[in-house]
Amino acid sequence: MSVAGVLKPLRRPRLWLGLWLLALAVVCVASLVPPPPVELPRHGDKLEHLLAYAALAAAAVQLFRPGRALWTAGIGLVLMGAALELAQGALTATRLADPADALANTAGVALGLLLQRTPLRDLLLRHGG
């Protein structure tokens with residue numbers, strides 16, 4: 001299936017897809033490098049996880065056609081979040097694998113995908129994306 005078959009009919013589909021892929025890469029890198037020396041409130045990182053994955057999923061709603069393409073993106077985000085948690089425990093000395101973070105990632109994906117049920121689902125299309 002071509003890019004045009006899975007993406008909404010945007011004016012610059014490859015640009016938007018490239019920006020989304022860049023955002024995915026940023027989340028991956030940020031998940032594996034040592035955390036910044038910033039003191040967060042207790043469980044504050046869970047909110048960060050929720051918001052990051054909600055933003056990625058909401059962007060997917062803007063990019064991908066409803067149905068199989070969007071569900072594939074959503075499932076891919078959930079799997080990415082779980083894989084990054086495992087990688088944090090296995091590949092880094094400065095991070096820990098935390099199942100609660102994976103749950104926050106998944107909740108964020110679900111929250112972001114809910115945008116599909118609102119008039120905002122085609123915001124990028126309506127504004128010349």
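This is a predicted model: local features need pLDDT of at least 70, side-chain atom pairs count only at pLDDT 80 or more; totals for chains, interfaces and linings use all residues.

Analyst: Let's begin with helix α3, residues 44-63: its 20 residues reach 29 Å from the first C-alpha to the last, close to the 28 Å expected at 1.5 Å a residue.

User: Which residues of α3 are buried?

Analyst: The buried ones are G44, K46, H49, Y53, A54, L56, A57, A60, V61, Q62 and L63.

User: Let me pick A60. What does it touch?

Analyst: Not counting residues up to four places away in sequence, A60 touches W20, L70 and A73. A60 has 0% relative accessibility, so it counts as buried.

User: Switching topic: how many residues does α5 have, and how far does it reach?

Analyst: α5 has 15 residues and reaches 21 Å between its first and last C-alpha atoms, close to the 21 Å expected at 1.5 Å a residue. Its buried residues are D101, A102, A104, N105, G108, V109, G112 and L113.

User: What covers those buried residues?

Analyst: The cover includes α3 and α4.

User: Take α4 then. At what angle do α4 and α5 cross?

Analyst: The axes of α4 (residues 68-91) and α5 (residues 99-113) cross at roughly 165 degrees and come within 8 Å. That makes α4 roughly antiparallel to α5.

User: Left-handed or right-handed?

Analyst: The crossing of α4 and α5 is right-handed. On the α4 side the contact is made by L70, G74, L77, V78, G81 and E85, and on the α5 side by D101, A102, N105, T106, V109 and L113. Those residues divide into six nonpolar, four polar and two charged.

User: That leaves α3 against α5. At what angle do they pack?

Analyst: α3 and α5 pack at about 35 degrees, with their axes 7 Å apart. Their crossing is right-handed.

User: Who meets whom there?

Analyst: D45, K46, H49, L50, Y53, A54, A57, A58 and V61 of α3 meet A100, D101, A104, N105, A107, G108, V109, L111, G112 and L113 of α5. The classes are twelve nonpolar, four polar and three charged.

User: I notice L111 in that list. Why does it count as partly exposed?

Analyst: L111 counts as partly exposed because its relative accessibility is 47%, and the cut-off for exposed is over 50%.

User: What is L111 in contact with?

Analyst: Leaving aside its neighbours within four places in sequence, L111 is in contact with L50 and A54. The C-alpha atoms of L111 and A54 are separated by 5.7 Å, though the two residues are 57 apart along the chain.

Terms used:
Residues are numbered from 1 along each chain as its sequence is written. Side-chain values use heavy atoms; hydrogens and water are left out. Helices (H or I, at least four residues) and strands (E, at least two) are DSSP runs, numbered from the N terminus. The expected span of a helix is 1.5 Å times one less than its number of residues. Buried means under 20% relative accessible area, exposed over 50%, partly exposed in between (1.4 Å probe, protein chains only). Axes are lines fitted to C-alpha atoms, for helices over the stretch in contact, and angles run from 0 to 180 degrees between N-to-C directions. Angles under 35 degrees count as roughly parallel, over 145 as roughly antiparallel, 65 to 115 as roughly perpendicular and the rest as oblique. A crossing is left-handed if the near helix is turned anticlockwise from the far one by less than a right angle, and right-handed if clockwise. Contact means heavy atoms within 4.5 Å. Ala, Val, Leu, Ile, Met, Phe, Trp, Tyr, Cys and Pro count as nonpolar, Asp, Glu, Lys and Arg as charged, and the others, Gly among them, as polar.
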